[in-house]
Each structure stands twice: as structure tokens, then as C-alpha cells.
Amino acid sequence: MKTLKIKDNQQKKEDQDLSFRIFDLTSENLNAYTVPHKKDHFCLFVIEEGTMQVSIEDKIHKLKAGKIAVIFPEQVSLVSSISVDLKGKIILFEEILFCSDILKNELSTYNVHLSTQLNCIILSAIDFQHSIGMINSIQ
């Protein structure tokens with residue numbers, strides 16, 4: 001099974017020096033995600049309009065506006081059923097930005113199944129719009 005690497009996903013020159021990437025959620029940018037794969041990084045799909053499905057491990061999540069999917073490193077995933085009006089963001093970032101070592105080690109007793117609990121998140125409309133504003137500022 002193929003493992004997608006964040007260092008191989010560079011769309012602009014400054015990406016080579018950054019530990020994260022933000023792209024528009026387009027069919028072209030989703031192409032590599034349409035077959036089962038793993039990643040060496042975290043991946044978020046932020047849905048502003050339209051719908052798509054994301055399969056993460058053995059669960060299928062139907063995403064629509066206001067939902068966010070979080071895929072952890074080494075989780076098997078793929079996207080499908082992408083609507084033509086899909087709009088949103090793809091955010092990729094390395095483990096170092098998520099303090100994953102702290103979660104794995106010091107807080108391990110508190111984070112039972114954390115990755116599966118975060119695979120699909122629904123925010124309130126206000127929180128979602130605030131998040132989109134912050135993502136656009138960072139991008």
C-alpha cells in the first residue's frame with residue numbers, strides 16, 4: 001500500500017520549508033486520495049460546500065458543509081463520492097505540530113481511541129466560519 005509523504009506534496013516554493021500545507025479542496029487535489037493509502041502526516045478535509053465520503057480504517061464518514069475529517073498518520077483512508085460543487089480546504093501537517101509524542105506517551109491513558117473520535121467533527125456554524133477565516137488567513 002502506498003504511503004503519501006508530505007514532503008512530496010509541494011504546490012508552491014515555500015512549501016519545502018514548512019511543516020504544513022493548505023490547499024483548496026478540488027478534484028485535482030483529491031486525486032491521490034481516491035485509492036486506499038496511508039500518510040506520514042495528519043490530514044484534515046474541511047468541507048464548506050458540497051459532499052464527499054471519506055473511508056478511514058473500517059468506517060465511512062459522509063461529509064457535508066460544516067464537517068471536518070481528521071486523518072492521523074498511518075491510518076488507511078480514501079475519498080469517494082465527490083460532488084461537483086465540493087468546496088473547502090485540505091490541510092496537511094507533520095506530527096511535530098500536533099504534539100503527538102505527548103499524546104502517545106504522557107497522556108496515553110486519557111486518549112483512548114482519540115484518532116477514531118476525531119475522524120469526523122461537526123462544529124457549530126459560528127465556530128466553523130471562524131475556523132474558515134483562520135485557515136484563509138494562514139493560507
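1. Helix α4 (residues 125-138) lies across β2, β4, β7 and β9 (87-93) and runs at about 115° to β4. Helices (H or I, at least four residues) and strands (E, at least two) are DSSP runs numbered from the N terminus. Contact means heavy atoms within 4.5 Å; axes are lines fitted to C-alpha atoms, for helices over the stretch in contact, with angles from 0 to 180 degrees between N-to-C directions.

2. This is a predicted model, in which local features need pLDDT of at least 70 and side-chain atom pairs pLDDT 80 or more, while totals for chains, interfaces and linings use all residues. Residues are numbered from 1 along each chain as its sequence is written, and side-chain values use heavy atoms, without hydrogens and water.

3. The open sheet has 5 strands in the order β2-β9-β4-β7-β10, paired antiparallel (a pair requires at least two DSSP bridges). Because β2 (20-24) and β10 (120-122) are edge strands with a single partner each, one side of each lacks a neighbour in the sheet. The twist averages 15° from one strand to the next.

4. Strands β4 (residues 42-49) and β7 (residues 67-71) form an antiparallel pair over 4 bridges. Within β7, V70 stands opposite L44.

5. Ring pairs link F42, F72 and F93 into a cluster (ring centres within 6.5 Å; planes under 30 degrees apart are stacked, over 60 edge-to-face, the rest tilted). F42 and F72 are edge-to-face, at 4.9 Å centre to centre and 65° between the planes. The rings of F42 and F93 have centres 5.1 Å apart and planes at 10°, so this pair is stacked; F42 in strand β4 and F93 in strand β9 are 51 residues apart.

6. Both F42 and F72 are buried, as is F93 (buried: under 20% relative accessible area, exposed: over 50%, partly exposed in between; 1.4 Å probe, protein chains only).

Key. Rings of Phe, Tyr and Trp (its six-membered ring) pair if their centres lie within 6.5 Å; planes under 30 degrees apart count as stacked, over 60 as edge-to-face and the rest as tilted.
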